[in-house]
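Subject: Structure handover

Hello,

Here is the structure you asked for. Please look through it first, then read the notes below.

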Amino acid sequence: MPVAGAMLRCGLPLLSRVGGGGRVLSWPDALLARSWSGQAEQHSPAQDDKPIPVDIPVPFLAHNCDPPPQHTETSGEELFRFFRVMNVMRRMEIASDLLYKQGHIRGFCHLYDGQEAVAVGMEAALTWEDPLITAYREHCNYLGRGATVTQVVAELLGRQAGCSRGKGGSMHMYHLDHHYYGGNGIVGTPPPLGTGLAYALQYLKKPNVAVAMYGDGSANQGQVAEAMNMAALWKLPIVYVVENNHFGMGTSEARASAHHGFYDRVGYIPGIKVDGMSVFAVKVAVAHAKEWCLAGRGPILLEMDTYRYHGHSMSDPGSTYRTRDEIQGVRRERDPIDLVHKLITKEGLATAEELKALAKECRAEVDAAVKESEASPEPEEAELFTHVYRADTGVEMFGADRHASRLQRN
Amino acid sequence: MAQLLLFEALREAILEEMERDCRVFVMGEDVGHYGGSYKVTKGLAEKYGDWRLLDTPIAENSFTGLAIGAAMTGLRPIVEGMNMGFLLLAFNQIANNAGMLHYTSGGNFTTPLVIRGPGGVGRQLGAEHSQRLESYFQSVPGLQMVACSTPVNGKGLLKSAIRSQNPVLFFEHVLLYNIKQPIPTGENLSSLERAEVVREGKDVTLLTYSRMRHYVIQAARILVSQGYDPEVIDLVSLKPLDMGTIARSIQKTHRAIIVEECMRTGGIGATLRASIMEYLFDELDGPVVCLSSQDVPTPYSGLLEDMTVVQPGQIVQAVKSMCTKESVQ
């Protein structure tokens, strides 16, 4: 498997800065290894990988391509993994909500709870060699790329232990080695930049796909259509993932888009509509899309029908443009964690009590990470001027404050 | 030494860097098969193919975004704006996605990107094709901006820009592509942060860049023949400004005149004046004079267009007003 410090055939290093820790772990290994080492055996009674058939009741809708099958297989091991990760994600977002209300997280904070199945199902079908880029609702995507909860929460708190040393914030989290390209504040950014990631894959002849995620609100940006034209023109290996949570902040998709639906918008790009609340549906669809791209068939689009429980951001109560009944209804009928919970208990892999204990463990992990983040110091003052430029030409670079310039007195 | 036209010098720079580093590629409208609207990439597509000389659709916003995404992975794109003015459509990409990335990622990612193309006032190209983008981008932190003015500095700067880890805006001028100059062989990289002392002198410091450098040189010839001794400095680096070289000069001459093609409001001269005033006030015998273009859209009429930009005669006049024969030793 190619490593982060890959060399090109011409002998030059691929990444502009060869990051540390060359071994690329697949996502599930990393989460088990880092967060739950030693505890995995105690709390997953059914360790066998006996295949468990799963139905995907909500039909895939396909545009200009064949839909994936409406069923898949899972295993005890995978189910527990999904349960844990989604619980950590859920608890992390709830913890962030609390920290925000206490005034420790400021500015914009867009929470992902309700949408966990998309992040988790997607990573289950990809590797970290497949580059990923998304927009601002990214905390869980970043976690899914192998980040720790501390790296996320410390960044939200603006501390040194944060993944961007406190200088990025909620919308600017990145992972160099695991090919996670952020974290973008401006709507509509992932499609063109993601198309560039796919261009690089094609240029370097890497057997991977790029995934560019964006929302139903962004889908009406011109740069999205422009990017798709180029991807289709040059048959780039890119999966465009529209996380359709039905609201662009306070504007419903019906009030923003002339055409209902995103999977069937572009005549020359095939698309599939996916039940985004089912981690199994997401996994199957993304695997299907990856296969499509790796066969050299060009871009493909996945519309994830998903839902966010919180408002658009912490500044938005999320109840002025939709009813509480609607939110509670989705939570009751389609919650992604409940789906996995039901399957685990139905298969007799664990009791509800055991799963409750497991969820409590996840909560404890998140609480510990929050404490660790709170203990991390604020950035040093000098950090204000670092990383504005990369000083590499041997000549002194001037900082933001021109007092930093040195004048030679005669 | 071979004599090269400026566009040939730029092409040589691109060719040499593409040969040296397989990650370097060019993208833009008509850069490939057509050879570039100003022939900067002529013949390169035949040598390097469609993936390295990428003909893009007319979609500046997204293809600049594409270049940024590619640069984040370690590739080194050279984005050509057919006219720099078209890159206003990509302002968001350049400001938010390129400029800020190294900072917002806490140093994790860089965007080793060069965005180049012709700008400035040409010959009756009309308002929308006579933009001076250096004014708009100068306050975006993280961007580097250089303006080439000769074949020698054009080649040297472009090579350095391609090798830099920072996003560099490389300003060329529509009217300078056919300037000829002997070019030495060898690497000859130019520093991206150094101004160029074109002519040493002691009476007055003339600070300029790009096409105006040539008008200043014209004016300097006239002034020298009349007994003046101006020092001419080509800024080259528009962001960050080379305050070191500028300061050394003003400490010597105590008089500064800026000659720029930007509009008066919010241009490079506006920033430079403020810096000089702030740091070199005690060195100055009088206020800094700034000759800029008029704050108007560039008119089509040749007569009016000439009035829009600074002319050599005005530069001569400004120096004479500042340096009366008595005050100059």
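**Salt bridges**

Over all chains the count comes to 35 salt bridges, a salt bridge being a side-chain nitrogen of Lys or Arg within 4 Å of a carboxyl oxygen of Asp or Glu. One of them joins the side chains of A:Lys290 and A:Asp130, at 2.7 Å from N to O. A:Lys290 lies in helix H10 (residues 279–294) of chain A and A:Asp130 in the loop between helix H4 (116–125) and strand S4 (132–133) of chain A, so the pair ties together parts that are 160 residues apart in sequence. Helices (H or I, at least four residues) and strands (E, at least two) are DSSP runs, numbered from the N terminus.

Some ground rules for reading on. This is a predicted model, in which local features need pLDDT of at least 70 and side-chain atom pairs count only at pLDDT 80 or more, while totals for chains, interfaces and linings use all residues. Residues are numbered from 1 along each chain as its sequence is written, chains are lettered from A and ligands numbered from 1 in the order in which they are written, and side-chain values use heavy atoms, with hydrogens and water left out.

**Between chain A and chain B**

How many residues does each chain bring to the contact? Chain A brings 60 residues and chain B brings 65 residues, where contact means heavy atoms within 4.5 Å. The size of an interface is often given as the accessible area lost when the parts come together. For chain A and chain B the buried area is about 5400 Å², with 61% of it from carbon and sulfur atoms; buried area is the accessible area (1.4 Å probe) that two parts lose on being put together, summed over both.

Zero salt bridges are counted between chain A and chain B. The rule does find twelve residue pairs in polar contact across this interface (both at pLDDT 80 or more). A polar contact is a pair of N or O atoms within 3.5 Å; within protein, one must be able to donate a hydrogen and the other to accept it, and residues adjacent in sequence count only if both atoms are side-chain atoms.

On the side of chain A that touches chain B, helix H7 (190–203) and helix H8 (222–233) of chain A each supply at least two residues. H7(A) gives the most, with nine residues. The residues of this side of chain A divide into 31 nonpolar, 18 polar and eleven charged. Here Ala, Val, Leu, Ile, Met, Phe, Trp, Tyr, Cys and Pro count as nonpolar, Asp, Glu, Lys and Arg as charged, and the others, Gly among them, as polar.

**Inside chain B**

The domain assignment, which is automatic or from a database, gives chain B domain 1 (2–183) and domain 2 (196–328). The C-alpha centres of these two domains of chain B lie 27 Å apart. In chain B, 32 residues of domain 1 are in contact with 27 residues of domain 2. The two domains of chain B bury about 2300 Å² between them, 52% of it on carbon and sulfur atoms. B:Gln124, B:Arg132 and B:Gln138 supply 29% of the area that domain 1 buries against domain 2, more than any other three residues.

Across this domain interface of chain B the rule finds zero salt bridges, and the count of residue pairs in polar contact is 21 (both at pLDDT 80 or more). Helix H6 (134–137), strand S6 (144–147), helix H7 (151–163) and strand S7 (168–173) of chain B each supply at least two residues of the side of domain 1 that touches domain 2. The largest share, four residues, comes from S6(B).

**Backbone details**

Where is the cis peptide bond? The bond from B:Lys239 to B:Pro240 is cis, with omega near 0°. B:Pro240 is found in the loop between strand S12 (237–239) and helix H9 (243–253) of chain B. In chain A, A:Lys235 has a positive phi of about 50° although it is not a glycine.
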